[in-house]
Amino acid sequence: MISPISMETTNLIYNRFKSQKKLKGNNSFGSDGLAGNTRTSIFYVNDYHGKAINMERTVTASNQFDSFVPSVQTDKLKLASGDIMLGEDKKINQIAINFLKFIGVTASAVGNHECDMKSKEFTELAKNVDYKLLACNMKTSPDSEIAGHIEKSYIEEHNGHKYGIIGVLPTDLISRVKYGKVFQDQKLEPANIDETIADIQLEVEKLKKQGVNKIILLSHSGYGYDIKIAKETEGVDVILGGHSHNLLTGMKEGVNLFYSKSGEPVVITQAGRDGKNFGILNLEFDKDGVIKKVQNNVATTRMFSRNLVARNFFENILGKPEVVGRINIAPPPLKNDLIEISPLAYYGLDAIRERSGADIAIVGAANIRGYVEKGKIDTRTISEISPFKNKIVKVNYTEKEIVDSIKFCAKSFLNRNNKPGIMYVSGLKYTVSKNGLVYDMSFIDKNGNEVPIDVNNPRSDKIYSVAINDYYSSGNDELSMLNKYDQAVEKYPWDLNSCVEWKIRQSSTPVDIVDDGRIKIVD
């Protein structure tokens with residue numbers, strides 16, 4: 001296996017930059033760097049979403065990164081781009097904080113999932129982290145209790161070289177968090193994208209005045225906005241991205257290599273979601289802080305064993321897992337969780353529908369984060385399937401509201417970030433095209449009978465009882481047609497994970513998790 005750590009032993013990727021200051025001669029990461037140039041290696045993570053098992057694997061990778069000694073002096077940085085935490089579970093967030101401490105991250109952008117808790121709880125959390133939380137585009141009043149715990153930028157120094165680190169939180173923060181209204185009441189709001197770009201440029205200028213010419217942006221803005229930031233600012237060299245869950249491997253102009261307003265190269269990274277991958281970005285800067293060589297290595301965490309120290313530490317927080325059953329057939333992990341079919345989601349939705357007695361169950365793809373493997377399945381693996389802990393409620397929706405929500409989610413195929421993701425269902429089947437259109441739909445009653453639904457003229461007088469979680473029933477992810485949490489006819493003390501566990505425990509034989517064709521994706 002090729003280590004992603006070594007610049008000398010991996011495949012080399014380079015570009016002859018458009019900048020007038022481009023490096024001539026041999027573009028390799030050997031020991032022939034020009035005098036006065038600075039070599040930098042950044043271990044980066046984003047969007048782990050509380051995935052403890054993948055964190056344990058990443059600790060092993062991080063230790064390998066630390067132990068590797070390059071042949072030329074190299075500055076090593078460790079940075080995060082947000083959403084390492086997830087949900088309101090204090091234990092999960094405690095693990096996320098300790099994970100970043102284990103691997104030695106010095107700073108992280110504030111992601112939307114760092115803000116899943118109420119603002120007072122978030123403030124308490126921010127007081128106790130060992131790394132810097134960064135967001136230069138957070139609009140707060142001076143009397144906000146949160147403001148004092150979030151920094152805009154700072155300077156990190158290695159071997160006499162100064163690096164300016166800036167952070168931004170997502171511009172759509174308020175619509176992505178459960179307690180968005182609470183944050184607004186506490187006078188916290190993100191700037192819009194144009195204001196964010198101005199805020200970034202302001203921090204760049206401040207850093208330049210302090211003699212910094214190597215500047216890294218920790219961005220939880222999403223890939224599309226990161227491209228915009230790269231093109232519309234000057235002085236930013238690297239954007240370590242997150243939020244949109246893109247997997248940007250290697251280095252390719254027009255994909256993750258762009259040029260600033262002044263024509264200098266800007267590198268963008270992002271390593272997917274849920275800790276399935278991490279990255280190591282190797283760079284060489286000239287004396288003016290312009291990137292001359294770049295190599296982006298992305299590795300899957302499954303390549304690495306679970307670190308025993310981290311595993312024991314996390315289990316002391318979470319408790320020992322309990323085996324609850326066996327999986328006979330398990331699908332492989334998805335490459336794009338938002339717009340690919342998840343048989344595991346089907347199983348979870350069936351469990352919710354069965355346990356609640358609802359006509360239909362629906363949950364968006366963004367809420368399904370885990371995967372299972374053939375063999376024994378324990379409570380810890382189940383806890384990572386949907387780690388948000390969103391409680392299930394039963395709401396009466398019209399046929400039109402249900403169809404409109406599925407059509408809205410179908411548009412995820414068309415946008416760059418594939419958000420909010422397709423809508424998973426139980427008690428329904430439908431066909432959706434990759435151009436974002438829903439072609440047909442049917443209701444499947446509890447006896448297996450199929451009743452067609454006219455997706456072009458869905459009925460407003462036809463009512464279904466729907467099992468849904470408290471996040472989507474509150475109209476989040478811009479699904480305003482589902483905003484009926486206050487009208488719920490039942491509110492249950494259990495979430496999707498507990499329903500999966502309940503269903504597996506009921507099975508006297510190993511479980512098959514397979515695609516039954518209820519959602520068909522066509523070209």
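**View 1. Val69, an exposed loop residue.** With a relative accessibility of 68%, Val69 counts as exposed, a word used here for over 50% relative accessible area, whereas buried means under 20% and partly exposed lies in between (1.4 Å probe, protein chains only). Val69 sits in the loop between α1 and β2 (74–80), where helices (H or I, at least four residues) and strands (E, at least two) are DSSP runs, numbered from the N terminus. Between the C-alpha atoms of Val69 and Phe122, which are 53 residues apart along the chain, the separation is 38 Å. This is a predicted model, in which local features need pLDDT of at least 70 and side-chain atom pairs count only at pLDDT 80 or more, while totals for chains, interfaces and linings use all residues. Residues are numbered from 1 along each chain as its sequence is written, and side-chain values use heavy atoms, with hydrogens and water left out.

**View 2. The protein chain as a whole.** The secondary structure of the protein chain comes to 12 helices and 26 strands. Its radius of gyration is 24 Å, close to the 24 Å that the globule rule gives for 523 residues, so the protein chain is as compact as a globular protein of that length; the radius is taken over C-alpha atoms, and the rule is 2.2 Å times the number of residues to the power 0.38. Taken along the principal axes, the box filled by the C-alpha atoms is roughly 75 × 45 × 45 Å, and 59% of the 523 residues count as buried. Among contacts (heavy atoms within 4.5 Å) between residues at least 6 apart in sequence, 76% join residues at least 24 apart.

**View 3. His243 and its surroundings.** His243 is found in the loop between β10 (238–240) and β11 (257–259), and at 4% relative accessibility His243 counts as buried. Its side chain makes polar contacts with the side chain of Asp172, at 3.0 Å, and with the side chain of His220, at 3.3 Å. A polar contact is a pair of N or O atoms within 3.5 Å; within protein, one must be able to donate a hydrogen and the other to accept it, and residues adjacent in sequence count only if both atoms are side-chain atoms. Not counting residues up to four places away in sequence, the residues that His243 touches include Asp47, Asn112, Arg176, Gln270 and Lys419.

**View 4. Helix α8 and its buried face.** In helix α8 (residues 308–318), the buried residues are Ala310, Phe314, Glu315 and Ile317. Seen down the axis of α8, these buried residues fall within an arc of 155 degrees, so they line one face of the helix, the arc being that of the directions from the helix axis to the C-beta atoms. Leu308, Val309 and Asn316 are exposed on the other side of α8, while the cover over its buried residues includes α1 (52–67), α2 (90–103) and α10 (379–383). The N-terminal end of α8 is capped by Asn307, of which a side-chain oxygen lies 3.1 Å from the backbone nitrogen of Val309. Just after α8, Gly319 takes a positive phi of about 95 degrees.

**View 5. The four-stranded open sheet.** Four strands form an open sheet in the order β22-β21-β20-β26, with mixed pairing; two strands pair if DSSP finds at least two bridges between them. At the edges stand β22 (450–453) and β26 (519–522), each with a single partner strand, so one side of each is left without a neighbour in the sheet. From one strand to the next, the twist averages 20 degrees. Strand β21 (residues 438–444) pairs with β22 in the antiparallel sense over four bridges, and Phe443 stands opposite Val451 in β22. These two strands form a hairpin with five residues between them, and Gly448 in the turn has a positive phi of about 90 degrees.

View 6. β20 and β21 pair in the antiparallel sense over five bridges, with Val432 opposite Val438 in β21, whereas β20 and β26 run parallel and are joined by four bridges. Helix α11 (residues 399–410) lies across β20 (428–433), β21 and β22, running at about 135 degrees to β21; axes are lines fitted to C-alpha atoms, for helices over the stretch in contact, and angles run from 0 to 180 degrees between N-to-C directions.
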